[in-house]
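Hi,

Here is the structure I said I would send over. Have a look at it first, and then read on for what turned up in it.

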Amino acid sequence: TSVPEKYVKVWDIVKGARDAALEFTRKSFAEKKTIRGYEVDEIARKYISERGYGDYFLHRTGHNIGREVHGNGTHMDGLETYDDRKVLTRTSNSIEPGIYLMGEFGVRSEIDVYITYGGKVVTTGEPIQQDVVAILK
């Protein structure tokens with residue numbers, strides 16, 4: 001038995017949004033550009049919207065990670081709080097876009113990033129998931 005085509009399609013879109021937000025963050029820090037939380041959210045949200053699923057992305061792209069998991073730093077958010085605070089070095093955030101089709105299924109992909117003092121964006125869980133993992137009976 002294989003993963004249904006629609007699940008793979010939605011996964012690929014979510015993965016693409018996740019990767020676009022990560023690449024934006026990496027490129028911005030490599031170029032020493034200041035970015036804000038809402039900008040990271042906009043990248044992921046635009047990617048999903050351009051593929052027809054914008055109405056099904058119902059939460060912010062990510063949140064700051066601190067000692068209590070959801071930290072009080074900058075969130076990757078242009079939806080819930082429109083976070084215009086700067087994304088800073090020596091902080092950690094999640095990037096976790098999702099698509100939720102009510103009554104059918106939902107897909108979210110989360111990676112966590114840490115931005116070093118020098119501006120390198122490091123991800124957790126290498127390698128980053130690239131395919132749907134079928135969990136079958």
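Let's start with the two helices. The axes of H1 (residues 5-30) and H2 (residues 37-50) come within 8 Å and cross at roughly 150°. Angles over 145 degrees count as roughly antiparallel, so H1 is roughly antiparallel to H2. The crossing of H1 past H2 is right-handed. Bear in mind throughout that this is a predicted model.

Which residues make the contact? On the H1 side they are Ile-13, Gly-16, Ala-17, Ala-20, Ala-21, Phe-24 and Thr-25, and they meet Glu-39, Val-40, Ile-43, Ala-44, Tyr-47 and Ile-48 of H2. By type, that contact has 10 nonpolar residues, two polar and one charged.

Next, the core. The largest nonpolar core has 26 residues, and the ones with the most contacts inside it are Val-10, Leu-22, Ile-48, Tyr-53 and Ile-99. Two or more residues come from each of H1, H2, strand S4 (98-101), strand S5 (105-108) and strand S6 (111-115). H1 gives the most, with eight residues.

Setting aside residues up to four places away in sequence, Tyr-53 touches Lys-9, Val-10, Ile-13, Ile-48, Ile-99 and Leu-101. Two of the names there, Ile-13 and Ile-48, also turn up in the contact of H1 with H2.

Then there are two residues further along the chain that I looked at one by one.

Thr-123 sits in strand S7. Is Thr-123 buried or exposed? Its relative accessible area is 8%, and under 20% counts as buried, so Thr-123 is buried. Beyond its neighbours within four places in sequence, Thr-123 is in contact with Leu-22, Arg-26, Ile-111, Asp-112, Val-113 and Ile-128. Leu-22 is also one of the residues with the most contacts inside the core.

Lys-120 lies in the loop between S6 and strand S7 (121-123). Lys-120 has a relative accessibility of 57%, so it counts as exposed, the cut-off being over 50%. Leaving out neighbours within four places in sequence, Lys-120 is in contact with Tyr-114 and Ile-115.

Cheers

Methods
Residues are numbered from 1 along each chain as its sequence is written. This is a predicted model: local features need pLDDT of at least 70, side-chain atom pairs count only at pLDDT 80 or more; totals for chains, interfaces and linings use all residues. Side-chain values use heavy atoms; hydrogens and water are left out. Axes are lines fitted to C-alpha atoms, for helices over the stretch in contact, and angles run from 0 to 180 degrees between N-to-C directions. Helices (H or I, at least four residues) and strands (E, at least two) are DSSP runs, numbered from the N terminus. Angles under 35 degrees count as roughly parallel, over 145 as roughly antiparallel, 65 to 115 as roughly perpendicular and the rest as oblique. A crossing is left-handed if the near helix is turned anticlockwise from the far one by less than a right angle, and right-handed if clockwise. Contact means heavy atoms within 4.5 Å. Ala, Val, Leu, Ile, Met, Phe, Trp, Tyr, Cys and Pro count as nonpolar, Asp, Glu, Lys and Arg as charged, and the others, Gly among them, as polar. A nonpolar core is a set of buried Ala, Val, Leu, Ile, Met, Phe, Trp, Tyr and Cys residues joined through side-chain atoms within 4.5 Å. Buried means under 20% relative accessible area, exposed over 50%, partly exposed in between (1.4 Å probe, protein chains only).
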